[in-house]
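Have a look at the structure first, then read on.

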Amino acid sequence: MKAVAAEMRQLILGETLSSLTAIPAESVEHGEVFTRRWVVDLILDLAGYTADRDLAALVAVEPACGGGAFLAAMATRVSASCRKHDRPLLDAKQAIRAYDLLASNVTASRRLVREVLVDEGWSLPEAREVATAWLRQGDYLLDPHVQEDVDFVVGNPPYVRLEDVPADRMLAYRAACPTMTGRADLYVGFYERALRSLGPGGVLAFICADRWMRNQYGRQLRELISAGYSVDVTVTMHDVDAFEEQVSAYPAVTVVRRAGQGDAVVVDTRRGFGPQDAPELVESISATELTHRTNDRYEVARLPHWFSGGDSWPAGSPSRLALIDALNDRFPPLEDANTGTRVGIGVATGADSVFITTDADVEPRRLLPLSMVKDTTSGTHSWSGQYLVNPWDADGQLVDLAALPRLRAYYQRHTAALKRRHVASKRPAQWYRTIDKVDHSLIERPKLLLPDMKTTIHPVLDEGGFYPHHNLYYIVSDTWDLRVLGGLLLSDVAQAFVEAYAVRMRGGTLRFQAQYLRRIRVPGPETISAADRAALAAAFDERDTRAATEVALGVYGIEALEM
């Protein structure tokens with residue numbers, strides 16, 4: 001059945017490809033960014049594509065060959081491998097499969113491979129035969145003849161914006177590569193198809209923008225990797241001159257193996273990193289005893305495993321990632337059923353100018369005191385007098401406007417604005433509802449409030465009586481003394497978790513959203529001594545981040561926060 005399904009898929013892809021609108025021929029529309037030779041060699045070394053192996057007996061794929069940067073290096077290594085293993089060059093005719101959409105790129109790459117092989121001492125006829133066999137004009141994401149169970153997929157997937165791809169072709173890409181969700185760039189599809197084509201133990205090694213590791217559009221790709229692959233190495237190269245032209249691509253090398261997850265090596269390169277450092281880095285990564293190494297050009301650390309699941313993978317220096325990984329292993333998450341601790345967001349209305357007011361002519365019980373971001377600015381809760389004109393009863397049902405004439409009249413004065421909202425168009429009979437229901441059980445509960453957008457974490461205690469606005473996240477707990485928990489969250493340790501997972505906005509602002517707050521790890525409240533609880537609560541009350549951090553380091557059992 002599996003073979004039949006695969007055959008059907010190949011037929012569908014073949015029919016689809018023949019009827020699609022072509023991508024414009026200008027190379028800029030194809031997102032071509034050519035990789036420097038020393039970076040190519042680094043990637044091939046990290047992948048294990050080296051001449052000491054019998055490369056003619058293996059299959060490597062280059063899914064978007066462009067001008068042939070990877071193919072030239074691979075041809076040199078195949079040549080050396082054939083001589084080392086006493087093979088004729090023609091034994092390697094099936095050793096490489098390379099693709100490109102543009103006929104001009106295929107022609108140029110064949111010529112380059114032929115020249116490399118001739119320079120290596122092989123005859124022109126056999127070099128021509130091998131170069132012709134290696135290259136194919138085609139769309140790697142849709143080509144029905146892409147080989148399965150390969151040993152390597154290496155390269156630099158194209159940086160193509162969605163708006164540059166014809167609509168019918170983009171729909172075909174999404175159908176062929178289900179991980180390409182939302183605003184995913186085309187390279188997500190290259191990752192997926194390459195990963196699925198690997199045989200057991202096969203290796204993918206790409207240099208590519210690393211945004212997919214953290215952004216929402218990379219979730220399904222991260223889930224795919226977590227389910228059946230091992231992230232072996234990541235090398236962040238944001239400040240390195242890795243390409244033949246200047247691009248703002250946030251590049252990283254990722255080496256992924258079709259195997260169960262083992263340990264993972266993380267590398268962060270600095271501006272001075274260059275060809276002189278690459279061999280030393282490969283040697284460091286290969287050293288089984290490596291735990292951590294740093295100099296002025298790069299930092300490298302080995303983690304016992306990689307981060308699992310579809311949630312965003314953390315970013316930061318290798319030492320910071322190693323710390324986050326260790327804390328993830330040792331402590332439970334902030335949101336925890338065992339302690340009854342929950343993270344949530346305040347009420348969204350869809351029409352704040354109608355629902356939020358300091359004074360409205362409605363029945364008094366329909367005015368719910370509302371906490372706003374500005375109420376938390378000082379670090380203590382200082383209510384600014386804002387109310388939610390509340391359409392919800394305590395049982396979670398919308399109120400009957402017929403029984404509340406002043407509320408009915410107030411909403412009717414704003415009928416046009418309320419009915420324009422998407423939530424009202426979906427539920428015309430509930431045109432006066434807020435987007436979110438009001439959870440009345442939350443009103444009187446003490447809760448920590450955290451503004452959505454700040455440069456540093458900013459927990460503030462509401463002792464009860466207020467409901468949060470949707471620009472505030474809240475934390476409630478059945479077990480924690482919220483002043484003690486607030487002290488932990490005020491510390492640089494909690495800040496480190498959010499910095500690792502959240503993408504910084506312009507100006508250094510972080511989003512302290514629920515998805516990131518839930519990634520914070522905390523010790524069990526019962527494990528914290530009375531003295532440390534008192535010190536954390538005092539630091540929270542005094543808004544003393546330094547004191548909170550000093551206590552938190554001891555509570556977490558770490559000496560210092562690695563940068």
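Helix α7 (residues 186-197) lies across β4, β5 (198-209) and β7 (251-257), and runs at about 165° to β5. Helices (H or I, at least four residues) and strands (E, at least two) are DSSP runs, numbered from the N terminus. Angles run from 0 to 180 degrees between N-to-C directions, with axes as lines fitted to C-alpha atoms, for helices over the stretch in contact; contact means heavy atoms within 4.5 Å.

This is a predicted model: local features need pLDDT of at least 70, side-chain atom pairs count only at pLDDT 80 or more, and totals for chains, interfaces and linings use all residues. Residues are numbered from 1 along each chain as its sequence is written, and side-chain values use heavy atoms, leaving out hydrogens and water.

## The sheet of 10 strands

Now for an open sheet of 10 strands: its order is β3-β2-β1-β4-β5-β7-β6-β8-β10-β9, and the pairing is mixed (two strands pair if DSSP finds at least two bridges between them). At the edges you'll find β3 (135-137) and β9 (292-294), each pairing on one side only. Neighbouring strands here are turned by 15° against each other on average, direction ignored.

Strands β1 (residues 60-62) and β4 (residues 150-155) run parallel, joined by two bridges. V61 sits opposite V153 in β4.

## The sheet of four strands

Another open sheet goes β11-β19-β15-β17, with antiparallel pairing. β11 (342-345) and β17 (460-462) are at the edges with a single partner strand each, so one side of each has no neighbour in the sheet.

Four bridges link β11 to β19 (residues 472-476), and I345 stands opposite Y473 in β19. Helix α15 (residues 482-490) packs on this sheet, touching β15 (447-451), β17 and β19, with its direction at about 25° to that of β15.
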